[in-house]
Amino acid sequence: MEIISKVAAHGGRQLVVKHASRATDTDMTFAVFLPPQADRSPCPVLWYLSGLTCTHANVMEKGEYRKAAARHGIIVVCPDTSPRGEGVADADGYDLGKGAGFYVDATEEPFSQNYNMKTYVQDELPEAIADNFPVDMARQGIFGHSMGGHGALTIALRHPRRFRSVSAFAPIVAPSQVPWGQKAFPAYLGNDKAQWRRHDAVALIEDGARVADILVDQGDADNFLAEQLKPELLKKACADASIPLKLRMQPGYDHSYYFISSFMADHIDWHAERLKRR
């Protein structure tokens, strides 16, 4: 691993790290915040998955998570949203290709060679973090924004024993039913809609997946709310499955990091309460 940068923040250290990924066959870059408690003992880890067009840097620079993470003694890891580099397949538009990996393992050309973000986020990156940083891997949480909210929800639903907590900001809750997913899923996964369901939070819940509870914040002034996000579908699925869902519609907030940063501390607190339980 190569440490690209390291700065002090809230008594801890904010690092940017690059490493060679087997899953994507590229170099991958991620941000990791080490709270001051990590100098003394292993700490819980919280994974943050970013949305369309983002890299690790968006939440690192705009998310305002470090103060709360330092207060609770939580390591925060923020991976990239897709493989990058010369020779990596791309596509026209912001919602497919680089910056839009959707946290799936692509099976379709030309994306299948590098776009293995499910394996990277679920398996390879956790192994790398465990080998190189003082993390307590028995205490993991996951959250994200938009496409990253989709990733956080689906990964937690597929691995309920690994993650003690899950939350999301303005997540894509049912990508199989909205234009973003209906563009990305055929390109990455082909036309077998049974494969789509494994990457769709609402479908996973309908098919029997369960988590203890979920926190979702959604701005009611979000331009993507009605067409792409549809939190009412998650609300119904959770109600039908008896999953406690705390869905907070925030008046006047949009889809930006102004929204995310406004409620970031609430989400860190939510995760901390669950990560500290014995």
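Modeller: Two strands count as paired if DSSP finds at least two bridges between them, and I use the word in that sense for the sheet, bearing in mind that this is a predicted model. The sheet is open and mixed in its pairing, with 9 strands in the order β1-β2-β3-β5-β4-β6-β7-β8-β9. At its edges are β1 (2-9) and β9 (245-250), each of which pairs on one side only, and from one strand to the next the twist averages 20°.

Within this order, β4 (residues 43-49) and β5 (residues 75-79) run parallel and are joined by 3 bridges. Across this pairing, Trp47 stands opposite Val77 in β5. Helix α4 (residues 147-158) packs on the sheet and touches β4, β6 (135-145), β7 (163-169) and β8 (214-219), its direction making about 140° with that of β6. Helix α10 (residues 257-275) lies across β4, β6, β7, β8 and β9, and runs at about 165° to β7.

Turning to the aromatic side chains, Tyr48, Phe143, Phe169, Tyr253, Phe259 and Phe263 form one cluster, while the count of aromatic pairs comes to 13. One of them is edge-to-face, with Phe102 and Phe185 lying 6.3 Å centre to centre and 75° between their planes. Because Phe102 lies in the loop between β5 and α3 (117-132) and Phe185 in helix α5 (residues 179-189), this pair ties together parts that are 83 residues apart in sequence. Phe102 is buried, with a relative accessible area of 0%, and Phe185 likewise counts as buried at 0%. Tyr253 and Phe259 form a tilted pair, 6.2 Å centre to centre with 50° between the planes; here Tyr253 is partly exposed at 29% relative accessibility, whereas Phe259 is buried at 0%.

Charged groups also meet rings: Arg274 lies over the face of Trp270, at 3.4 Å from the ring centre, and the charged end of Arg66 sits over the ring of Tyr65, 4.9 Å from its centre.

Finally, the cysteines. The structure holds 0 disulfides, and for Cys78 the reason is distance, because its sulfur is 11 Å from the closest cysteine sulfur, in Cys54, which is too far for a bond, the cut-off being 2.5 Å. Cys78 is buried, with a relative accessible area of 0%, and Cys238 is buried as well, at 1%.

Terms used
Residues are numbered from 1 along each chain as its sequence is written. This is a predicted model: local features need pLDDT of at least 70, side-chain atom pairs count only at pLDDT 80 or more; totals for chains, interfaces and linings use all residues. Side-chain values use heavy atoms; hydrogens and water are left out. Helices (H or I, at least four residues) and strands (E, at least two) are DSSP runs, numbered from the N terminus. Axes are lines fitted to C-alpha atoms, for helices over the stretch in contact, and angles run from 0 to 180 degrees between N-to-C directions. Contact means heavy atoms within 4.5 Å. Buried means under 20% relative accessible area, exposed over 50%, partly exposed in between (1.4 Å probe, protein chains only). Rings of Phe, Tyr and Trp (its six-membered ring) pair if their centres lie within 6.5 Å; planes under 30 degrees apart count as stacked, over 60 as edge-to-face and the rest as tilted. A charge sits over a ring if NZ of Lys or CZ of Arg is within 6 Å of the ring centre and within 35 degrees of the ring normal.
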